[in-house]
Amino acid sequence: MMTDDEITEKWIRTAKEIGFSEAGVLNPETLDECESRMRAYKRGILVQTTGVLRRDIDTRIYRETEQLHTEYLKVLREQMMKVFPDMLMLGAGGCRICPKCAYPEPCRFPEKTISSMEAYGLFVTQVCRDNDLKYYYGTRTITYTGCVLF
């Protein structure tokens with residue numbers, strides 16, 4: 001039986017092999033390159049944004065919370081880059097910097113890009129668990145997680 005990490009990695013590898021990319025959801029680097037890049041950092045900060053749903057399925061709150069999370073990450077990235085110019089910001093879902101990703105062409109704004117944690121092969125719930133950070137905050141909540149490595 002495969003572990004959750006192996007299943008996630010297999011899905012990401014398969015998606016990359018067939019060229020899946022929608023708004024930068026998958027990083028064009030290989031998972032081995034992603035792992036090597038992440039291992040170069042000694043410190044990291046996990047950040048989360050949690051929204052409260054008005055009903056069991058609330059797509060408006062999903063979108064608003066994701067947008068808020070992305071905006072928080074952009075601000076954090078700007079501040080962190082002043083002190084740690086080589087830091088790596090990873091978010092939730094696609095990059096969302098450009099309305100339409102340039103992939104497979106080179107990124108138009110590599111200094112601003114925010115790849116997803118999943119695109120780097122991270123199993124987000126496990127990363128949270130390993131760092132004693134809740135991932136699930138109860139019914140009628142949605143949580144987006146990102147990290148900055150420096």
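Contact, on this tour, means heavy atoms within 4.5 Å. Keep in mind that what you have loaded is a predicted model.

**Stop 1: T65**

Select T65, which sits in helix 3, residues 59–83. Is T65 buried or exposed? With a relative accessibility of 5%, T65 counts as buried, because buried means under 20% relative accessible area. Now show what surrounds T65: setting aside residues up to four places away in sequence, T65 touches T49, T50, G51, I142 and Y144.

**Stop 2: helix 2**

Next, select residues 31–39, which make up helix 2. Colour L31, C34 and M38, the buried residues here. Then turn the view until you look down the helix axis: the buried residues of helix 2 fall within an arc of 55°, so they line one face of the helix. Now pick D32 and R39, two exposed residues carried on the face of helix 2 that is turned away from its buried side.

**Stop 3**

**Stop 4**

C95 is in no disulfide, and the nearest cysteine sulfur, in C107, is 6.3 Å away. C95 itself is buried, at 11% relative accessibility.

Move on to C107 and draw a distance from its sulfur to the sulfur of C98. That is the closest cysteine sulfur to C107, and at 6.2 Å it is too far for a bond. C107 counts as partly exposed, with a relative accessible area of 44%.

**Stop 5: R108**

Select R108, located in the loop between strand 2 and strand 3. R108 is partly exposed, at a relative accessible area of 46%. Which residues is R108 in contact with, leaving aside its neighbours within four places in sequence? They are C98, K100, C101 and A102.

**Stop 6**

Time for a look at the backbone. Most residues other than glycine have a negative phi.

Select R96 and check its phi, which is near 70°, a positive value in a residue other than glycine. R96 lies in the loop between strand 2 (88–91) and strand 3 (115–116). R96 is partly exposed, with a relative accessible area of 39%.

Finish at R140. What is the phi of R140? It is positive, about 60°, although R140 is not a glycine. You'll find R140 in the loop between helix 4 (124–130) and strand 4 (141–149). R140 counts as partly exposed, at 39% relative accessibility.

Methods:
Residues numbered from 1 in each chain as written. Predicted model: local features only at pLDDT ≥ 70, side-chain atom pairs only at ≥ 80, totals over all residues. Heavy atoms only, no water. Buried < 20%, exposed > 50% of the residue type's maximum accessible area, 1.4 Å probe, protein only. Helix = DSSP H or I, 4+ residues; strand = E, 2+ residues; numbered from the N terminus. Arc of directions from axis to C-beta. Disulfide = S-S within 2.5 Å.
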